[in-house]
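Subject: Structure handover

Hello,

Please find the structure below. Have it open while you read the notes that come after it.

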Amino acid sequence: MDWSFVLTQTLTQAIGIQAIIYCLAAIGLNVQFGYTGLLNFGQVAFVAAGSYAVGVIVLTFDLSLWLAILVGIVVATIIALLLGIPTLRLRADYLAIVTIAFSELVRLTVRSIAFKDVLGGAQGLNGKIGQDFHDTNPLPADFQSLPVLSWTRQDLWVVIVGWIVVALFTLLVWLLVRSPWGRIVKGIREDENAVVSLGKNVFAYKMQALILGGVIGAFGGIVWAIAKQSVQPDTFRPEFTFFAYTILLLGGAARVFGPIVGAILFWIVLAGTGEFLGQAIQAGWIDFLQPTDVGNIRFVLMGSGLIALMVFRPQGIFGDRRELALDAK
Amino acid sequence: MPSDSVTSSSLAAKAKEALATVDARPGVSKPDPILIADHVTRRFGGLTAVNVEHVEIQRGAITALIGPNGAGKTTFFNLITGFDDADEGKWTFNGRQVSGMAPYRLARIGMVRTFQLTKALSRMTVIDNMRLGAKHQTGERFFAAIFPFLWNSQEKKIDQKSMGLLERFNLHEKVADFAGSLSGGQRKLLEMARALMAEPELIMLDEPMAGVNPALKQSLLGHIKSMREEGTTVLFVEHDMDMVHDISDWVIVMAQGSVIAEGPPDAVMKDQAVIDAYLGAHHDAQLTESGQALTEDGS
Ligand SMILES: Nc1ncnc2c1ncn2[C@@H]1O[C@H](COP(=O)(O)OP(=O)(O)OP(=O)(O)O)[C@@H](O)[C@H]1O
Ligand SMILES: [Mg+2]
């Protein structure tokens, strides 16, 4: 049993590219659900918008990656308006239903044969999507690997910039939630009529939160497309959104650092159990499982862990239990 | 400023004086109405919850809206403030047609209400509840919010004003507590103080005394009177007839959705139609305790 392999692999994934992508999606959900109380079950649609904006602009239209990022932001904003205008005046559950349906609609549309020329159909878009970004890589050309973390030169550059993007959005959220703007959205989360009665345009604030959360999610998709140099329609399944919610709840909703802690923990558990089980089966410690079972077992473990967390620490790792207790009037 | 308070309390006296010459009949017009409502109707299926032909609220006065349970008082509040949509009807506020206007805009132009079921935001602190009430905050705009130096000084002024009001409402020791940890009566007080942060011209209070202990009631009465002294028009719903008798300049009575009587408190409480509405027809009793009311006669 190679313990050091298990540890290095786990650590590499815990702060790797996937963790960054999910972290960004979860920061977006934190703005929408954690602070404003909006149930967006279609965050993956915003992530897909970011990825496809990059793929289509760079690969299909052969334009610059920087323009593509701008397009990603605009498309995410348009989606938020499209989803928000009809639903945000209604009860909270309408947004939940519409967003989850919309996210599947997006996936089925982008993979359909009808738009194959532009969106690549079921094969998606593959090619030098992130080249403009990778050309800026300042790491020495003969870079091999860091001591413990086994990233390639290209991945390491994505990881560095990715965490900087996470830090910037975290700072933005931190500034917002401690401002009068944050006070209003927290009021809306609890009782929007109370906020309306004080003369605040609640609809506009919900819309702003939906757009901001969606744009941050789209950055997850942008990072994804650049890092993988590929956009695959079937990676944008509803599970993605639910994993992002898991991350948010792990770290604690309505906590500024919740998504970061949650994402790292999520990948420690997921990668750790995966690598450990794989090694244990190889070493003959476990004989009732096949190596192919590992992928599923780790999600079973993750689910059990989440249930245990909700029972014993419903506020998440960072949350404040007193705030939850106050809900019961 | 003493000279100020003299002029404003004379404002209140003026309102009282003006009302003295007004007839006591439903739908009567007032010398200086801040709110005029016409044909306001709201139906829930087959039930007509509100059907008000015409009603006017005098500026600068304290007007009580009373009536038995289910009379339609809360529904009328909801319609006027835009929280519910009327089936028919038009109303003006300060001479401006406001029927159909969004509730947040009505609050901005000076019509602020509280709720029968208190809406203190329990997961926020008392002071944050108060701050939320303040108008025209720079830091409430998305891009300005990111730069604290743009709104810090305004926030300080808001805090001072909040502290002043909290002291008046005896909540100044609870500033940093979560509103959820307050008692029911304290939440009523907080909601009222928070509404005052929004600087209303017309404040509409839905049962401000419900669940408030007798000692506190006295000070609440004082607060409501002082709102009038400061030039705010008060319209409140209340079941406590002694309180209604004590502080209101004018009383409007609703029953089964319509205004059935109006007038100064003394006259209204002796009105046979009002007593019938409250106690059922052919009943011989007075509505206030001071008039040995509500108990059966001949006991
Ligand atoms: N959302 C609703 N749906 C159906 N009926 C309603 C609704 N809201 C109120 N009603 C009905 O309208 C009538 C008036 O209710 P309202 O709450 O306005 O009475 P109220 O005068 O405020 O009574 P109370 O003094 O008990 O608070 C009642 O018969 C009530 O059942
Ligand atoms: Mg009522």
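Here is what was found, site by site.

First, the ground rules. This is a predicted model, where local features need pLDDT of at least 70, side-chain atom pairs count only at pLDDT 80 or more, and totals for chains, interfaces and linings use all residues. Residues are numbered from 1 along each chain as its sequence is written, chains are lettered from A and ligands numbered from 1 in the order in which they are written, and side-chain values use heavy atoms, with hydrogens and water left out.

**The magnesium ion**

Start with ligand 2, the magnesium ion. Its protein donors are Thr74(B), through OG1, and Gln116(B), through OE1. They lie 1.9 to 2.2 Å from the ion. Donors here are N, O and S atoms within 2.8 Å of the metal (3.2 Å for Na, K and Ca); water is not among the atoms, so sites may look incomplete.

Helices (H or I, at least four residues) and strands (E, at least two) are DSSP runs, numbered from the N terminus.

Thr74(B) is partly exposed, at 26% relative accessible area. Gln116(B) is partly exposed too, at 34%. The cut-offs: buried is under 20% relative accessible area, exposed is over 50%, and partly exposed is in between (1.4 Å probe, protein chains only).

**Ligand 1**

There are 13 residues around ligand 1. A residue counts as near if one of its heavy atoms lies within 4 Å. Which come nearest? They are Asn69(B), Lys73(B), Thr74(B), Thr75(B) and His239(B). Note Thr74(B), which is also a donor to the magnesium ion.

Now look at the oxygen atoms of ligand 1. A polar side-chain atom of Asn69(B) lies 2.7 Å from one oxygen atom. A backbone N or O atom of Gly70(B) lies 2.9 Å from an oxygen atom of the ligand. For Gly72(B), a backbone N or O atom is likewise 2.9 Å from a ligand oxygen.

The protein covers 62% of the 630 Å² of accessible area that ligand 1 has on its own. Such areas come from the Shrake-Rupley method with a 1.4 Å probe; for residues, only the protein chains shown count as cover. The largest share, 3 residues, comes from α2(B).

**Salt bridges**

How many salt bridges are there over all chains? The structure holds 22. Each is a side-chain nitrogen of Lys or Arg within 4 Å of a carboxyl oxygen of Asp or Glu.

In chain A, look at Arg111(A) and Asp234(A), which meet at 2.9 Å, N to O. Arg111(A) is in the loop between α5 (92–110) and α6 (116–119), Asp234(A) is in the loop between β2 (230–231) and α12 (238–251), and the two are 123 residues apart. Arg111(A) is partly exposed, at 29%. Asp234(A) is partly exposed, at 28%.

In chain B, Lys30(B) forms a salt bridge with Glu262(B), with the closest N and O atoms 2.8 Å apart. Lys30(B) lies in the loop between α1 (2–20) and β1 (33–44) and Glu262(B) in strand β10 (residues 258–263), so this bridge ties together parts 232 residues apart in sequence. Buried or exposed? Both residues are buried.

Asp240(B) and Lys217(B) make another salt bridge, at 3.1 Å, N to O. Salt bridges that share partners also join Arg183(A), Asp128(B), Arg131(B), Glu155(B) and Asp159(B) into one network. Of these, Asp128(B) lies in helix α4 of chain B.

**Two backbone angles**

Most residues other than glycine have a negative phi. Glu199(B) has a positive phi of about 50°. Glu199(B) sits in the loop between α7 (184–197) and β7 (202–206) of chain B. This residue is partly exposed, at 49%.

Glu207(B) also has a positive phi of about 50°. Glu207(B) is in the loop between β7 and α8 of chain B. At 11% relative accessibility, Glu207(B) is buried.

Best wishes

Conventions
Polar contact = N/O pair within 3.5 Å; in protein donor to acceptor, adjacent residues only side chain to side chain.
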